[in-house]
Amino acid sequence: MTAPPRVRARHGGPTIWFTVPALAFFTVFAIVPLAVVVVLSLMRWDGLGTPAWTGLTNWTGVLSDPVTGNAIWLTVKVMVVSWLVQTPVSLLLGTFTAGRQRYRAVLAVLYFLPLLMSAAAIAIAFKAVLDPNFGLSKAIPLLGQDWLGSPDLVLYVVIFAIAWQFVPFHTLLYQAGVRQIPAALYESAAIDGAGRVNQFLHITLPQLRYTIVTSSTLMLVGSLTYFDLVFVLTGGGPGDSSRILALHMYITGFASNDMGRASAIAVILAAAGLVLSLGLTRLSGFSRMRSQQEGA
Amino acid sequence: MSLRNFRSLRVTAGLVAAVLAVSLSAACGSSGPGDRAGQATAWALTGGDERTFRSSFQQWNSGHGGQPIDVQFFQNDAYKQKIRTAVGAGQAPTLIFGWGGGILKSYVDAGQVADLTPDVTANPTLKSRYLPSVLDSGVIGGKTYALPNNAMQPVLLYYNKDLFRQIGAQPPKTWPELLALIPKFNARNIAPLSLAGQSKWPLLMYEEYLVDRLGGPRVFDDIAANKPNAWSDPAVLQANTMIQQLVNAGAFVKNFASVDADSNADLALLYTGKAAMEVMGSWAYPSIKTQNPQFISGGKLGYVAFPAVPGGKGDPADVAGNPANFWSISAKATPEQRKAAVAYLTDGVLNQSYVDSLVTGGGVPPVAGLEPKLAKASDPGYLSFIYGMARQAPHFQLSWDQALSPAQADALLTNLGKLFLNQITPAQFSAAMNATIGK
């Protein structure tokens with residue numbers, strides 16, 4: 001260790017100062033709020049007046065509240081079912097749109113359309129379509145269900161709407177992933193007599209490994225924060241049948257004006273997100289980032 | 001990359017960082033309405049009486065160049081959250097638009113709104129022109145903190161006269177009469193009652209009226225006073241049993257849990273002949289008037305008070321709803337701002353042209369001696385009915401979700417939703433609500 005680090009930095013790449021803008025943003029908009037939220041979760045504050053220390057009251061309150069338990073269960077359900085629905089659909093669509101078929105571009109535009117709409121607009125559109133008295137169910141009696149009013153159905157309607165919104169994005173990821181796969185792999189497979197299905201199973205899928213990990217991480221961590229669409233579509237109802245954790249946090253904070261409890265829920269959400277994304281990158285070997293194209 | 005280029009890059013990066021730091025700190029210190037060069041400010045709601053408010057402030061500003069008031073308008077739900085943050089941060093406008101009740105009390109407890117009692121004592125006309133039952137919602141602990149600024153909003157039973165003619169029935173005056181109508185309408189495939197269950201707050205109207213009819217105002221007063229187990233009062237339990245009987249008898253439109261009041265789907269059911277009746281606030285009338293004027297001009301819209309409950313302790317003339325909306329003055333206002341605001345409350349609010357404008361829009365302001373004006377309006381029958389109902393009411397109950405603390409209000413609406421869906425029993429409802437007492 002004869003060379004001082006300063007010299008090494010100058011010759012070995014950009015200095016640490018390049019990270020300053022990003023770090024400043026991250027500190028101001030992520031670290032500081034997070035610390036404030038942790039502190040707030042130990043206080044009682046209704047948004048007016050001065051917050052007062054209450055120790056762990058908010059935490060015991062939140063954790064013993066059946067509404068929170070229900071919200072956590074619903075969030076897990078949304079997470080798992082969303083992944084199960086969205087992954088195969090966007091994987092197949094992505095592989096399809098990456099190809100060179102006739103009319104592919106036209107169809108791709110149609111598939112990507114929901115990507116252009118805001119969550120609120122999507123929710124309002126779904127609400128209008130699913131209205132039991134004036135919506136689609138009047139035109140097509142087969143669809144005449146009480147979609148948003150039935151406690152048993154509403155969560156799946158929410159999951160469907162979320163999938164409708166996010167499948168295009170994940171399709172885009174898979175499309176890009178598939179286009180990165182060298183054509184030589186397919187050519188040699190074709191010479192060896194592999195059909196389309198075999199090519200997909202033995203070349204496309206393994207080559208997309210890291211894309212699947214990225215997409216799944218975004219889906220699973222993202223489903224912790226689904227809020228806007230559900231808020232506009234159902235408001236958490238009927239009863240609390242679609243009151244997922246992020247919505248529960250919002251209602252506790254801004255409708256009930258209980259900032260302390262809402263902060264406790266926020267900490268739970270942040271911790272869950274952190275554990276989930278760390279766990280996923282670790283389990284999948286994503287953090288080691290080995291090339292998938294050795295020998296290609 | 002050569003060393004020289006790299007140096008200049010570093011300089012650029014440093015500059016960028018500096019600019020960012022400056023803009024970040026600027027963003028955190030953005031100014032609110034409170035520091036706008038001493039001028040008085042007001043925040044009000046879009047829709048509804050927006051036109052009345054706009055012309056009132058315009059008139060005021062053109063006549064009082066020395067004391068102008070700068071007004072901004074916000075959408076209802078957005079406003080409710082924005083105003084609370086602003087008040088909490090000491091950045092509230094001079095004139096705060098509100099509903100009275102629990103939220104006003106939380107402002108008072110936090111010392112954020114000014115006590116208007118000295119102004120009211122010095123200038124009795126500030127108060128004397130309003131109906132006393134309405135003024136009550138702006139009084140906390142014997143002191144006046146808010147004064148009315150728009151129409152009274154009692155809740156009543158609207159009905160479709162055509163549908164009642166079809167089955168040859170009269171509108172229900174009592175609860176048994178209402179129950180008897182249910183099978184008659186259902187037999188004709190007409191929903192007896194329209195209900196916007198997705199919005200949750202329309203459910204509350206049944207609860208408020210039934211509890212008052214059965215037990216009188218005392219029951220809710222106990223709840224509002226945070227008495228232990230107040231939600232287990234026999235009147236609450238019986239009201240909830242009656243609500244579930246209504247649900248189980250098929251009284252409400254099928255799929256009511258996905259009917260949304262924001263899109264006025266509940267009213268549409270009434271005027272398109274799909275539902276025969278609806279319990280709703282008096283604001284339903286102007287809404288129907290804009291959406292389907294023929295329904296009103298054709299004389300098809302009927303209205304009566306919420307049915308009486310035989311044997312109940314409450315007075316059948318009692319009314320629930322929103323007595324009015326209110327102006328409060330921020331405690332953070334400067335003496336000049338406060339002076340301008342009080343002057344506006346004295347001369348600018350609910351004066352001659354203000355009242356005319358509200359009446360033209362289909363509203364009945366809480367002002368004494370209004371009968372001659374209402375008789376000359378375009379909807380004399382309806383407006384006089386509302387006026388008489390609100391004025392003669394022995395008790396005008398503010399909507400519970402406004403009267404209670406926000407945390408209790410949220411729990412109340414969620415549990416009512418479950419009650420209407422038969423997900424919980426009346427006893428479970430009371431237990432769940434008792435747990436929120438004091439929150």
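Tutor: Start with a definition: a polar contact is a pair of N or O atoms within 3.5 Å; within protein, one must be able to donate a hydrogen and the other to accept it, and residues adjacent in sequence count only if both atoms are side-chain atoms. This is a predicted model, where local features need pLDDT of at least 70, side-chain atom pairs count only at pLDDT 80 or more, and totals for chains, interfaces and linings use all residues; side-chain values use heavy atoms, without hydrogens and water. Residues are numbered from 1 along each chain as its sequence is written, with chains lettered from A and ligands numbered from 1 in the order in which they are written.

Student: How many residue pairs are in polar contact between chain B and chain A?
Tutor: Both residues of a pair must be at pLDDT 80 or more.

Student: Which helix gives the most to the side of chain B that touches chain A?
Tutor: Helices are DSSP runs (H or I, at least four residues), and strands are runs of E (at least two), numbered from the N terminus. H1 (3-28), H3 (76-88), H4 (101-109), H13 (265-271) and H21 (406-420) of chain B each supply at least two residues of that side. The top contributor, with nine residues, is H1(B).

Student: How much area do chain B and chain A bury between them?
Tutor: Buried area is the accessible area (1.4 Å probe) that two parts lose on being put together, summed over both. Contact (heavy atoms within 4.5 Å) takes 39 residues from chain B and 41 residues from chain A. Carbon and sulfur atoms hold 59% of the buried area, which is about 3300 Å².

Student: Which residue of chain A meets B:Lys418 in a salt bridge?
Tutor: A salt bridge is a side-chain nitrogen of Lys or Arg within 4 Å of a carboxyl oxygen of Asp or Glu. Four such bridges are counted between chain B and chain A. Here the N to O distance is 3.0 Å, and the partner is A:Asp240.

Student: What is the bridge partner of B:Leu147 in S12(B)?
Tutor: Strands pair if DSSP finds at least two bridges between them. The open sheet has five strands in the order S2-S1-S3-S12-S6 (chain B), with mixed pairing. S6(B) and S12(B) (residues 326-329) run antiparallel, joined by two bridges. The partner of B:Leu147 is B:Trp327.
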